[in-house]
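The structure is shown first.

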Amino acid sequence: MNRYILIALTLIVVSYLYLKLAIKFKIIDKPNERSSHTKITVRGGGIIFTIAIMLFFLLNDFKYPYFCLGVVLVSIISFLDDIFTLSSKIRFPFQFLAVFLILLEVGLPFSPMYIFIFALIFGIGMINMFNFMDGINGITGLYSLVTLVGFYFINVNEQLIDSDLIIYSIISILIFGFYNFRKKALFFAGDIGSITIGILVFFLGLYFVNSLASPLILLLIIVYGADAGITLLYRIFFTKESVLDAHRHHIYQKLVDIKNMSHLKVSVMYAFIQGIVNLIILKYYDLDVHTQVIIFMGLVFVFILSYIFLFHKLKKRNKDIKQENNYKLL
């Protein structure tokens with residue numbers, strides 16, 4: 001317990017110092033067309049997630065070296081991206097290498113090669129999913145907190161990894177929440193924060209799925225996954241936008257823009273729904289694979305239908321608002 005208090009105090013000091021330094025050196029996030037905020041805010045506050053993982057590495061006999069090396073590599077390039085805005089051609093090789101190192105850490109075999117390649121692509125997609133979904137106050141911290149708590153309780157039952165990795169990360173998220181989970185955030189996670197959390201969740205998810213042969217564990221990110229995944233498909237097949245361009249098609253963005261819901265309310269809603277799914281996972285993750293696949297497909301189907309329903313409802317609402325505004329102008 002004393003070690004956890006020391007970790008918390010260290011991260012509190014680091015977060016405060018970073019806030020002051022970021023203001024001094026103007027490491028800030030300027031609102032753009034993808035943003036749901038309107039004021040300039042310090043970015044890169046998620047650096048404390050990386051520091052928490054490094055503290056775990058140093059204080060716990062240098063466990064998971066390939067994973068931690070991957071975190072360091074992708075954190076450096078992501079932090080530089082927060083400062084200078086780098087090309088995807090520069091970021092992608094570091095993300096590729098980080099995910100490759102995680103596959104080595106988990107011990108995923110190279111054969112059959114198609115499984116290894118699929119895991120590599122899936123990992124890169126997952127870390128970018130967390131980055132794309134980091135758009136409103138509270139959502140990255142609160143959603144990640146719920147997801148990591150799900151991993152923690154499974155680990156309590158199975159003792160798969162050193163729990164300190166999850167606990168240190170949870171401490172860092174709680175401290176981050178002090179600055180971010182508010183109407184006017186003091187700082188944002190930035191790419192370094194969202195991508196670091198994405199890599200952590202990918203590592204834990206792959207480790208747990210590989211160890212337990214439990215597909216249900218993948219649903220610990222189903223709310224993010226449904227929104228990010230189906231939004232990506234919508235942009236590929238129904239819009240002429242590049243999937244790399246900024247956009248406002250995510251459900252969480254539409255809830256803020258069209259329904260005028262507060263950032264924090266939407267963040268709580270996403271985390272609450274994920275929490276309900278987590279309870280289902282905790283109850284059934286140790287059943288036979290056939291039963292798990294049925295539950296998995298059922299929940300995925302429900303989330304896909306829910307997304308489509310919400311999307312069309314919000315699209316119709318947006319159209320009605322525009323018509324009302326045009327009518328007022330006449």
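A pocket here is an open set of grid points where a probe fits, with protein on both sides within 12 Å along at least five of seven lines, and a volume is the space filled by probe spheres set on those points. The model is predicted. In it, the second largest pocket holds about 460 Å³ of space.

**Second largest pocket**

- The lining of the second largest pocket consists of 21 residues.
- Phe118, Ala119, Leu206, Val209 and Leu218 are the lining residues that lie nearest the centre of the pocket.
- By class, the lining has 18 nonpolar residues, three polar and no charged.

**α5 against α8**

- From α5, the contact uses Ala119, Phe122, Gly123, Met126, Ile127, Phe130 and Asn131.
- From α8, the residues in contact with α5 are Asp191, Ser194, Ile195, Ile197, Gly198, Ile199, Val201 and Phe202.
- This contact of α5 with α8 comprises ten nonpolar, four polar and one charged residues.
- Ala119 of α5 takes part in this contact and is also one of the residues nearest the centre of the second largest pocket.

**α3 against α8**

- The crossing of α3 and α8 is right-handed.
- On the α3 side, the contact is made by Phe67, Gly70, Val71, Val74, Ser75, Ser78, Phe79, Asp81 and Asp82.
- On the α8 side, Gly190, Asp191, Ile192, Ile195, Thr196, Ile199, Leu200 and Phe203 meet α3.
- The contact of α3 with α8 divides into nine nonpolar, five polar and three charged residues.
- Asp191, Ile195 and Ile199 of α8 touch α3 and are also in the contact with α5.

**α6 against α8**

- α6 passes α8 in a left-handed crossing.
- α6 makes the contact through Ser144, Thr147, Leu148, Phe151, Ile154, Asn155 and Glu158.
- α8 makes the contact with α6 through Ile197, Leu200, Val201, Leu204, Gly205, Phe208 and Leu212.
- The contact of α6 with α8 contains nine nonpolar, four polar and one charged residues.
- Leu200 of α8 is in the contact with α6 and in the contact with α3.
- Ile197 and Val201 of α8 meet α6 and also meet α5.

**Backbone details in loops**

- The peptide bond from Ser111 to Pro112 is cis, and its omega is near 0 degrees.
- Pro112 sits in the loop between α4 (88-106) and α5.
- Tyr64 is not a glycine, yet has a positive phi of about 55 degrees.
- Tyr64 lies in the loop between α2 (47-59) and α3.

How values were computed:
Residues are numbered from 1 along each chain as its sequence is written. This is a predicted model: local features need pLDDT of at least 70, side-chain atom pairs count only at pLDDT 80 or more; totals for chains, interfaces and linings use all residues. Side-chain values use heavy atoms; hydrogens and water are left out. On a 1 Å grid over the protein atoms alone, a cavity is a set of points where a 1.4 Å probe fits but cannot get out, and a pocket is an open set with protein on both sides within 12 Å along at least five of seven lines; lining residues have an atom within 4 Å of a point. Ala, Val, Leu, Ile, Met, Phe, Trp, Tyr, Cys and Pro count as nonpolar, Asp, Glu, Lys and Arg as charged, and the others, Gly among them, as polar. Contact means heavy atoms within 4.5 Å. Helices (H or I, at least four residues) and strands (E, at least two) are DSSP runs, numbered from the N terminus. A crossing is left-handed if the near helix is turned anticlockwise from the far one by less than a right angle, and right-handed if clockwise.
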